[in-house]
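Please examine the sequence and the structure shown here before reading the report.

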Amino acid sequence: MLSWTKRRFLTAAAVAIPLALGSFGTIGQAAAEKVLRVIPHADLKNLDPIWTTAYISRNHGYLIYDTLFAMDENFKPQPQMVDSWTTSDDGLTWTFKLRDGLKWHDGPDVTAEDCIASLQRWGKRDGMGQALFGVVDSLTASDAKTIVMKLKQPYGLVLESIGKISSNVPFMMPKRMAETDPFKQVEEHIGSGPFMFSKKDWVPGSKVVYLKNPTYVPRSEPTSAAAGGKIAKVDRVEWTYFPDQTTAMNALISGEVDYFEAPANDLMPILSANADITVEINDPLGNIGFARFNHLLPPFDNAKVRRAALMAMKQEDYLAGAVGDKQFWKTCYSVFPCDTPLDNNVGSDIMKTGDIDKAKAALGDSGYDGTPVVIMQPTDVPILSAFSLITAEKLRKIGMKVDVQAMDWSTLTSRRAKRDPVADGGWNMFHTWWIGADVIDPMAIAFSGNPAKGWFGWPTDAELEKARTAFAVATTVEEKKVLGKKVQERLWAIGASGHLGQFFTPVAYRKNVKGLIKSPVQFFWNMSVD
Amino acid sequence: MFSYVIKRILATIPVIVIVAAFVFLMLRLSPGDPASVIAGDYATAEDIVRIREALGLNEPILVQFTKWVGSLMQGDLGISIFTNLPVTTLIGQRIEPTLMLTLTTIIFTVLVAVPLGTLAAWKAGSWIDRGVMLFSVAGFSVPVFVLGYILIYVVAIKLQWLPVQGYRSMFEHGLWPFLRHIIMPTLTLSVIFIALIARMTRASVMEVLQEDYVRTARAKGQSEVKVLLRHALRNAAVPIVTVIGIGIALLIGGVVVTESVYNIPGLGRLVLDAVLARDYPIIQGLILFFSFIYILINLIIDLSYTLFDPRIRY
C-alpha cells in the first residue's frame with residue numbers, strides 16, 4: 001500500500017508532468033495539420049499592399065487577395081478571377097466577366113462593384129494604374145459579375161496593367177475596404193485568395209499566420225507564375241521573421257523552419273554543403289543594380305558629366321565586389337532585364353568597358369567644375385553600401401571630388417525625396433536595386449523622363465516621355481519592341497542611371513518542401529511539406 | 001516610509017514629462033521619415049507627401065506634441081504608424097518574453113555570482129579567487145553574440161539538445177517548452193552579469209571582512225559560514241543590491257542582441273525595429289515605458305536598503 005506522501009506525490013506528478021510538457025492536445029492537433037514554416041525576406045509591418053509598395057506586403061497580398069488577371073511565366077497576362085473577356089473592334093470597350101465561385105473570406109460573393117472600387121483605389125497609387133486611368137472614360141458594372149471598361153483612346157497595356165505582377169499589384173478587395181482613402185491603410189484584411197490572414201496570431205516583428213481558405217475555387221489550368229490554379233496544399237503558412245541571418249540559417253539547418261526566402265549570399269557555402277537543404281535560384285529575373293544620379297543638381301545636371309561617370313562603371317566590378325560568388329550574378333547591358341521580351345543592346349556600349357582613361361577624357365570635355373558629389377551610402381544594406389563605395393572610388397579615379405555620406409536606409413529614403421541643393425540636405429547620387437519584374441518594360445517609374453511625376457533623381461527628357469507614351473498605346477509586339485529600343489536609347493543618351501548588372505538571391509529549403517513556383521515573386525500556393 | 005514613497009512617486013512626474021518632451025523633439029528633429037519608409041522604394045516624392053499629410057506628420061510639431069500629450073493623459077500611447085495597432089498592444093505582445101528572460105537571467109546570475117564573489121573574497125589571493133577574477137574578465141570581454149552563436153552551434157546544432165531559436169510561453173505551452181527555449185538565452189545573457197556582480201560582491205565582502213565587528217564575531221568563536229553570511233554578506237549587500245537592480249533595468253531595455261541572436265520577440269527588438277522604421281509612436285511609448293520601469297526599480301532598490309541596513313530609515 002502506498003503511503004499518503006507517495007500518493008500525494010504521484011497525484012501531483014500526474015497533474016504537473018503534462019502541464020510541464022505542454023498540452024498533449026495541441027501536439028496531436030499540430031501533427032495532423034500541414035504547416036509550411038517560412039522565413040520571409042522581411043518583417044511584415046503593414047498589411048495594405050496598395051498603401052505601400054513594400055515587397056513583403058505584396059507577398060502578403062498574394063496570399064490573401066486575388067487578381068483579375070495574372071502574369072504567367074512567359075510574362076503574359078492570363079485571366080485569374082476573370083472567366084471570359086471581350087474587346088470591341090475599336091479597342092475602346094473591354095468587358096470582363098468574373099468566374100463562378102468567387103467568395104470573400106467572410107462569406108459574400110465577389111461582385112463587379114467590389115472589383116471596380118479596388119481598381120479605382122489601385123489606380124490612384126500605382127504608376128501603371130495612373131497611366132491606365134488616364135485613358136479610362138468609364139468603369140461600370142453591367143451586372144453583378146460583369147465589369148465594363150470604356151477607354152478614351154486605344155491602349156496597349158490594359159491587361160498588362162490589371163495583371164501586373166509586382167508592386168503595386170491590383171488586388172481585389174471588398175468594396176467597403178476598397179473605398180478607403182488610398183493614402184490610408186485599410187482596417188480589415190478580407191480577400192478572396194487561397195489563404196486567409198489570421199489576425200489573432202499576428203505578432204508584428206515576429207510572426208504572421210495564414211490559414212487555408214476552404215472555400216477557394218482554384219482555376220483548372222496548371223500553375224504558371226501568378227497565373228493558373230492557386231492550390232493551397234498546406235493548412236497553414238507561418239512566417240517567422242528573423243532579424244539575424246545566422247540564426248535563420250541555423251533554424252533551417254536544425255529543421256525548425258522549412259523555407260528560407262532570402263538567405264544572404266555569404267551563407268550559401270554552408271547551406272549548399274548541407275545534404276538536407278536545397279539551394280536554388282527561384283527568381284529567373286533577379287535584381288537589377290541601379291546607380292541613380294540627381295539630374296536637378298550640379299554636377300549631374302549635365303548629361304556629359306553623367307555619361308562620363310557611366311563610362312567609368314564596370315558591372316563586373318560592382319557585382320563581384322558586392323555580391324561575390326559568380327553563380328549569383330551576371331552582366332546585363334539592357335535596361336530591361338536580360339532574357340525578357342524587350343531585352344536589347346541599343347546604346348549600352350557606354351557601360352561595357354569601364355575604361356577609366358576614356359571616362360577621364362570625357363569628364364574633361366564635359367565642363368565639370370570640381371563640384372563635389374554627395375553619395376548617400378546606406379550602411380545597413382550591405383550590397384548598396386558596397387555599390388556606393390565602388391562608385392566613389394571610380395569617380396575619384398576619373399577626377400571627381402566625392403563625399404560619401406554614411407546613413408541608414410530610412411534616412412536615405414527620406415533624404416532622396418528632397419529636391420533642395422546639397423547645402424540644404426539635397427544629394428547627388430544613391431544606389432538601389434529593382435526586382436527584374438518591376439523594370440520589365442518602359443512603363444516602369446524608374447524610366448520616367450518627367451521630373452514632375454518621375455522617380456527620385458528626376459530625369460527630364462521629352463523624347464523619352466514621348467517614346468514611353470507611344471509604348472503605352474502600342475498594341476503589337478513588334479511595335480512594343482521598337483519603342484522599347486527607343487526608350488533604352490534615350491535612357492543611355494541622357495545618362496539617366498547606371499545599370500550595374502543582374503544579381504540573384506537564391507532560396508534555401510529543406511528536402512521535405514515541394515512545389516516551388518519559378519517566379520520573380522514569392523508565392524506560397526502549390527507548395528507542400530511532406 | 002509611506003510618505004517617502006508618495007513623495008518619490010510624485011517626483012517621477014516631472015522626470016516623465018521631461019523625458020516625454022525630449023524624446024518627442026529628438027525624434028522629430030532627427031533625420032528619417034516614416035512616410036518614405038511606408039511608401040516603399042518605388043513610390044514617388046508626391047506619394048510620400050500625400051502619406052505624410054494623411055499621417056498628420058505635416059502639422060506643426062507643437063500641434064503634434066499637444067495631441068500626443070492629450071492622448072497620453074488618457075493612458076493612450078498612440079497607434080503604430082506601420083502596423084496600425086495600439087502601442088500598448090504591441091508592448092503587451094512583447095513584454096512577457098523580455099520579462100521572463102530578465103527574471104531567469106537575474107535569478108541565475110544571483111545564484112551563481114553572489115556565492116562566487118563571496119567565496120573569492122573569503123579566499124582572497126587563492127586560486128579560487130584568481131579563477132573567479134579570470135572568469136570575470138572573460139565574461140566582460142566575450143561579446144554576447146559570440147557566446148550565443150557558440151552555444152547555438154554546440155548545444156542546438158551539434159548536440160541537438162535545445163532549439164536554436166524562439167520563445168514559448170510557460171502559460172500557453174507549459175514549463176518544459178518554456179525552459180527549453182529560455183536556457184541558452186539565459187546562459188548567454190548571464191555571463192556578463194555574473195562577471196559584474198561577482199566582482200562587486202567580492203569587493204564589498206572583502207571590505208566588510210576588514211571591519212572590527214567581523215574580527216569581533218570571529219573572536220567570539222562564530223563559524224566562518226556564520227561570519228560570512230550573517231555579518232559580512234549582509235553588510236555588503238547594499239552595493240550588490242544596487243548593481244542587481246541596475247542590471248534588471250538594463251536587461252529590460254537592453255537585451256536586443258540576445259533577442260536577435262535567439263529570435264525572441266521581446267521589447268528590445270521592438271525598439272530596434274521601430275527606430276529603423278521611424279515608427280514614432282512606438283519609440284515614444286517604449287521610452288516612456290522604460291523610463292517608468294527605471295524609476296520603479298530605483299524606488300524598489302532604495303526601499304530594499306532598509307531590509308539590509310537598519311540604520312537607513314525613510
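## Basis of the model

This is a predicted model, in which local features need pLDDT of at least 70 and side-chain atom pairs count only at pLDDT 80 or more, while totals for chains, interfaces and linings use all residues. Residues are numbered from 1 along each chain as its sequence is written, chains are lettered from A and ligands numbered from 1 in the order in which they are written, and side-chain values use heavy atoms, with hydrogens and water left out.

## Domains of chain A

Chain A consists of domain 1 (55-247 + 511-529) and domain 2 (287-503), with bounds that come from an automatic or database domain assignment. The centres of the two domains of chain A, taken over C-alpha atoms, lie 31 Å apart. Domain 1 of chain A brings 15 residues to the contact and domain 2 of chain A brings 14 residues, where contact means heavy atoms within 4.5 Å.

The two domains of chain A bury about 1100 Å² between them, 66% of it from carbon and sulfur atoms. Buried area is the accessible area (1.4 Å probe) that two parts lose on being put together, summed over both. On the side of domain 1 of chain A, A:Tyr55, A:Phe75 and A:Leu157 supply 40% of the area buried against domain 2 of chain A, more than any other three residues.

The count between these domains of chain A is 1 salt bridge, defined as a side-chain nitrogen of Lys or Arg within 4 Å of a carboxyl oxygen of Asp or Glu. A:Glu160 also forms a salt bridge with A:Lys480, with the closest N and O atoms 3.5 Å apart.

## A helix pair in chain A

Helix α10 (residues 303-312) and helix α12 (residues 356-366) of chain A have axes that come within 8 Å and cross at roughly 170°. Helices are DSSP runs (H or I, at least four residues), numbered from the N terminus, and strands are likewise DSSP runs (E, at least two). Axes are lines fitted to C-alpha atoms, for helices over the stretch in contact, and angles run from 0 to 180 degrees between N-to-C directions. α10(A) and α12(A) are therefore roughly antiparallel to each other, a term for angles over 145 degrees.

The contact involves A:Lys304, A:Val305, A:Ala308, A:Met311 and A:Ala312 of α10(A), together with A:Ile356, A:Lys358, A:Ala359, A:Ala362, A:Leu363, A:Asp365 and A:Ser366 of α12(A). These residues comprise 8 nonpolar, 1 polar and 3 charged. Ala, Val, Leu, Ile, Met, Phe, Trp, Tyr, Cys and Pro count as nonpolar, Asp, Glu, Lys and Arg as charged, and the others, Gly among them, as polar.

## Chain B

Chain B contains 14 helices and 0 strands. Its C-alpha atoms fill a box of roughly 85 × 55 × 35 Å along the principal axes.

Chain B is divided into domain 1 (23-76) and domain 2 (91-308), and 38 Å separate the centres of these domains, taken over C-alpha atoms. The contact takes 12 residues from domain 1 of chain B and 7 residues from domain 2 of chain B. The area buried between them is about 910 Å², with carbon and sulfur atoms giving 69%, and the count of salt bridges between them is 0.

## Interface of chains A and B

The contact between the chains takes 55 residues from chain A and 47 residues from chain B. About 4100 Å² is buried between chain A and chain B, and carbon and sulfur atoms give 55% of this area. A:Lys45, A:Phe183 and A:Glu256 supply 14% of the area that chain A buries against chain B, more than any other three residues.

Across this interface the rule finds 1 salt bridge. The side chains of B:Arg278 and A:Asp408 meet in a salt bridge at 3.0 Å, N to O.

Definitions and conventions. Parallel < 35°, antiparallel > 145°, perpendicular 65-115°, else oblique.
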